Every structure is written in C-alpha cells, then in structure tokens.
Amino acid sequence: MFDSQEANRAYYNRVLDHCQLPAMTSEQLAYVHMHTVDESLAYLIRDEAIRQTAHAYRRQLGYLPFLKFMRMEPGLVPLLETLRPQFKTAVATNRTDTMAHVLAINHIDHLFDLVVCALDVEFPKPHPEALLKVVDHFSVSPDELVYVGDSAVDEMAAKAAGVTFVAYRNPELAADFHIRKLAEVTGLLGLSV
C-alpha cells in the first residue's frame, strides 16, 4: 500500500545515530523493512545495553515525524474504491502503533473494514496469526482471502495461513499470482473496471 523504505531508513538511521552506531547497510534496510521494531532493533543492535538505550530513544522519538517519507502506491485508492462494498478490505501489517495514522493522514482509513497490526497479535508475520485474524473476523475460509504483499515475510505468512497470495512487484516471491500494478487485482477477482 505504501512504499515505506525511505521512512524506515530515516527512522532507524536516526536511532542508530543517537546510539553512535553507523547507518544501516542495504541488507539491514531490507530486514527492517519487513520486520517489527523489536525484531529490527534486535537485528541491528546486538549489545543489550545499547539496544535498551535505542528502545528508550525510539519511544521518545516516535515514528510520526517519518510518515512524511512514506509514498502511497499508485492506484491504491481507485482499487479500494472499486473493491468496496462488494469485497471487505483489511490491512495485516507488522507496523505497531502507526498504521492508523498512516491511513488517516492519507484519508483512506474509511476504505478498510479491519486493520491488524503487530500489537494486535502475539506473533507478527511471518507467523500467520494476523491473516488468520482477518479470516476469523470476516467468518470466511482461508481460501476466500486474497492477500497482496511484496516481501518474503508476506509470502511466508500467506503460505502458513493457506490464503491466496498475490506478489506485488516482486517476481522472486513464490505466489499464486504476480502483479506489477495494483489495478491488476480487479482482473484477478473477475471485476471489470
């Protein structure tokens, strides 16, 4: 839905800088892009005392100043408007406390029936819990859920949940379908635009 790579880069590099650590490598950026903040800081900072300093700083800092670096994927709003009300729409994300803000500041919060964040589950993706919460919420079977994602974490969660996985702009993922544009979802669902 959003390209958050630059927001993640700015956020984690600020935290690392505060701890007098070097900026992330491209490999580290790829990791934090897919994982929760707790997992990301554990990956980035091996020393427990420094990691606790980083957690204290990031709680004070917050992520909201970095939302301006996030870019909505082209075609998201038209896709959501086409899907609704015939289909229910949900978000399953490893973001913690920022997803509601992201949706609100982009004026699309009304286009989702459910949002499941890392704080709403015991086990974040790649565990299937977030997707299974969506299945349970709408009282559907897993094969009735279509999940669009762009990362290996998304791929693993979809497979574990037994839901149809649509890989967005990532041909390296094992998926039921691959798309380059969000508008292609309508064709997969048999909708004419």
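**Helix packing**

I began with helix 2 and helix 3, whose axes come within 9 Å and cross at roughly 160 degrees. The axes are lines fitted to C-alpha atoms, for helices over the stretch in contact, and angles run from 0 to 180 degrees between N-to-C directions. Helix 2 is therefore roughly antiparallel to helix 3. For these words, under 35 degrees is roughly parallel, over 145 roughly antiparallel, 65 to 115 roughly perpendicular and the rest oblique. Helices (H or I, at least four residues) and strands (E, at least two) are DSSP runs, numbered from the N terminus.

This is a predicted model, so I noted the limits: local features need pLDDT of at least 70, side-chain atom pairs count only at pLDDT 80 or more, and totals for chains, interfaces and linings use all residues. Residues are numbered from 1 along each chain as its sequence is written, and side-chain values use heavy atoms, with hydrogens and water left out.

Which residues of helix 2 and helix 3 meet? Glu27, Gln28, Tyr31 and Val32 come from helix 2, and Glu39, Ser40, Tyr43 and Leu44 from helix 3. Contact here means heavy atoms within 4.5 Å. By class, I find four nonpolar, two polar and two charged residues in this contact. Ala, Val, Leu, Ile, Met, Phe, Trp, Tyr, Cys and Pro count as nonpolar, Asp, Glu, Lys and Arg as charged, and the others, Gly among them, as polar.

Next I took helix 1 (residues 5-18) against helix 3 (residues 37-44). They pack at about 50 degrees, with axes 12 Å apart. That makes helix 1 oblique to helix 3. Helix 1 passes helix 3 in a right-handed crossing. Tyr11, Tyr12, Val15 and Leu16 of helix 1 touch Val37, Ser40, Leu41 and Leu44 of helix 3. This contact of helix 1 with helix 3 has seven nonpolar residues, one polar and no charged.

Then I checked helix 1 with helix 4 (residues 48-61). Their axes come within 9 Å and cross at roughly 130 degrees. Helix 1 and helix 4 are therefore oblique to each other. This crossing is right-handed. Tyr11, Arg14, Val15 and His18 of helix 1 meet Thr53, Ala54, Tyr57, Arg58 and Leu61 of helix 4. The classes are five nonpolar, two polar and two charged.

**Backbone**

I looked for cis peptide bonds. Arg84 to Pro85 is cis, with omega near 5 degrees. Pro85 sits in the loop between helix 5 (76-83) and strand 3 (90-92). Lys125 and Pro126 are also joined by a cis bond, with omega about 20 degrees. Pro126 is in the loop between strand 4 (114-116) and helix 7 (129-138). His107, a residue other than glycine, has a positive phi near 60 degrees. His107 lies in the loop between helix 6 (99-105) and strand 4.

**Pocket lining**

I finished with the second largest pocket. It is lined by 13 residues, and Asp3, Gln5, His33, Asp150 and Arg169 lie nearest its centre. Strand 1 (2-3) and helix 2 (26-34) each give two or more residues to this lining. Helix 2 gives the most, with four. The lining of the second largest pocket divides into five nonpolar, four polar and four charged residues. A pocket is found on a 1 Å grid over the protein atoms alone: an open set of points where a 1.4 Å probe fits, with protein on both sides within 12 Å along at least five of seven lines, and lining residues have an atom within 4 Å of a point.

Conventions: Left-handed = near helix turned anticlockwise from the far one by under 90°.
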